Amino acid sequence: MGDPAFFKNQEQLLSHGDIPLRRDALAIIEAGIASVIPYQATKELIRLEGADIFVGGNRYTKVRNIYVVGVGKGAFPIAQALDERLGARIRQGVVVVKEGEKRRLPHIEVFESSHPYPDERSVTGANKIHKILQEAGEGDLIFAAVTGGSSALVNLPAGGITIQELQAVHQMLLACGATIGKINTVRKHLCRLKGGQMVAYGQPATVITLTLDTAQPDMPWPDLSLPDPTTFQDAIDVLHTYKLWDKAPASVRNHLLGGLEHPQWETVKSFAGMHQALYGVVNLQTACEAAAKRARQLGYTPYILASVLEGEAKDLGIILAGITNEIHRFGRPLQPPCVLISGGETTVTLGEAPGAGGPNQETALGYAAKLQAKEGVVFASIDTDGTDGPCAIAGGIVDTQTKARLEGEQIDLLSTLVHHNSSAALTALGDALLTGHTGTNTMNLRVAIIGKKEGASI
């Protein structure tokens, strides 16, 4: 395989540093992300046999109408596969995607919305989905392509909350350092579509959700298509825990308090008696395993540390650098040349007046800050959807020359991390990973290459 064509700035990324190892790191990441683009897996899941529709091993007969709704950063490839499989049998459909997705489909409307913060388009997109859900009836099938990003992309604000107020809450939550599960506990109780309510609105039709991963213990998606174990009290507790309660708009506080007095406002706790099914078409384990396979093909011994590693982004980079240092210096617990692979969602706790950046960029710079090796190490961290936090950068790549190059650019690494200004630093070095929309979203993927392959020059 030649240089990875997946990265829009690959020439820049391979113009400096440890170029052979960088090339391999990009190829390994590319293989991981390519494996979880859900288009092909969706096509293989669904087949037609006469008038009957098979989804996996389930057969649906005497189907009246077929509808498609979708939302998320990985929803377009699923919708594309549905469009190709079902074609003119689709009575009506809409998929809400992140702004910048310019591809269109013959039988399904593609509507661009806002992410990571909601705006008026989020309401418009949610209403388009709600209208279809309300139209479907007995004997109909609704295919729902729901992936990460849906919390911002569609919103039906509850309790008189304006979209501007909802946007303010999203911004506070994403800056406070809470896990995605805690963040979504609040967001689900401020929206009339999330917390399993989309499935409820679709009854008595059968709602078949296609998503990217059904195995995570604290799965951040698909909130629209899962029963919600959290409560209004839980949402209130999250805001208090992260000292956001007094900062939240009055309408938000009033709605959450009102939910304690009105049980009927609660999100859906069970799908008992509802017609629904959920399928995971690809997952983060697939991405890690595909990355490991590519690393092995390139001559390394791959180790998947964990498919789900969470925590503060910078701190995770520091921990991974510590493991790397031990391997590089002492050959324990692993022998180089090897590749460490991990996945999972990290967070960033922002202070006052933060700069621009994202979790994967901070992980990369945290790693660079504590890396002791002088040669033979490259590390890359990327958001598989192609956008790391609220910016167009997907992540960052660093190596043993990064600290010296930062000094040469007169960029203070510690100050960069403290002030969360990772994008400026990585852009100045030519080490910001740029991919554009990837068509998937299975959280983050991280790759550390440690040691030269046999026969490689140093």
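Asp431 and Arg405 meet through their side chains in a salt bridge, with N and O 3.2 Å apart. Keep in mind that this is a predicted model. The two partners come from distant parts of the chain, 26 residues apart: Asp431 sits in the loop between α17 and β16, and Arg405 in helix α15 (residues 402-408).

- Asp431 counts as buried because its relative accessibility is 0%, and buried means under 20%.
- Arg405, at 24% relative accessibility, counts as partly exposed.

**Other salt bridges**
- The count for the model comes to 22 salt bridges.
- One of them joins Glu84 to Lys43, with the closest N and O atoms 3.0 Å apart. Here helix α4 (residues 75-86) supplies Glu84 and helix α3 (residues 39-45) supplies Lys43, and the two are 41 residues apart.
- Lys43 is buried at 17% relative accessibility, whereas Glu84 is partly exposed, with a relative accessible area of 41%.
- Glu99 pairs with Arg121 in another salt bridge, where the closest N and O atoms are 3.3 Å apart. Glu99 is in the loop between β5 (90-98) and β6 (109-113), while Arg121 belongs to helix α5 (residues 120-135), 22 residues apart.
- Both ends of that pair are partly exposed: Glu99 at 48% relative accessibility and Arg121 at 26%.

**The six-stranded sheet**
- Six strands make an open sheet with mixed pairing, in the order β10-β12-β17-β14-β15-β16. Its edge strands are β10 (301-306) and β16 (432-433), each pairing on one side only.
- Strand β15 (residues 395-399) runs antiparallel to β16, and two bridges join them. In β16, Leu433 is the bridge partner of Gly395.

**Helices across the sheet**
- Helix α17 (residues 422-429) lies across β15 and β16, at about 55° to β15.
- Helix α2 (residues 19-34) lies across β12 (338-344), β14 (377-383), β15, β16 and β17 (444-450), and runs at about 150° to β17.

**Strands β8 and β9**
- Strand β8 (residues 206-211) runs parallel to β9, joined to it by five bridges. Leu210 has Tyr279 as its bridge partner in β9.
- In a regular strand, side chains alternate between the two faces of the sheet.
- Strand β9 (residues 276-280) has Ala277 and Tyr279 on its covered face, and Gln276, Leu278 and Gly280 on the uncovered one.

Methods. Residues are numbered from 1 along each chain as its sequence is written. This is a predicted model: local features need pLDDT of at least 70, side-chain atom pairs count only at pLDDT 80 or more; totals for chains, interfaces and linings use all residues. Side-chain values use heavy atoms; hydrogens and water are left out. Buried means under 20% relative accessible area, exposed over 50%, partly exposed in between (1.4 Å probe, protein chains only). Helices (H or I, at least four residues) and strands (E, at least two) are DSSP runs, numbered from the N terminus. Two strands pair if DSSP finds at least two bridges between them. Contact means heavy atoms within 4.5 Å. Axes are lines fitted to C-alpha atoms, for helices over the stretch in contact, and angles run from 0 to 180 degrees between N-to-C directions. A salt bridge is a side-chain nitrogen of Lys or Arg within 4 Å of a carboxyl oxygen of Asp or Glu.
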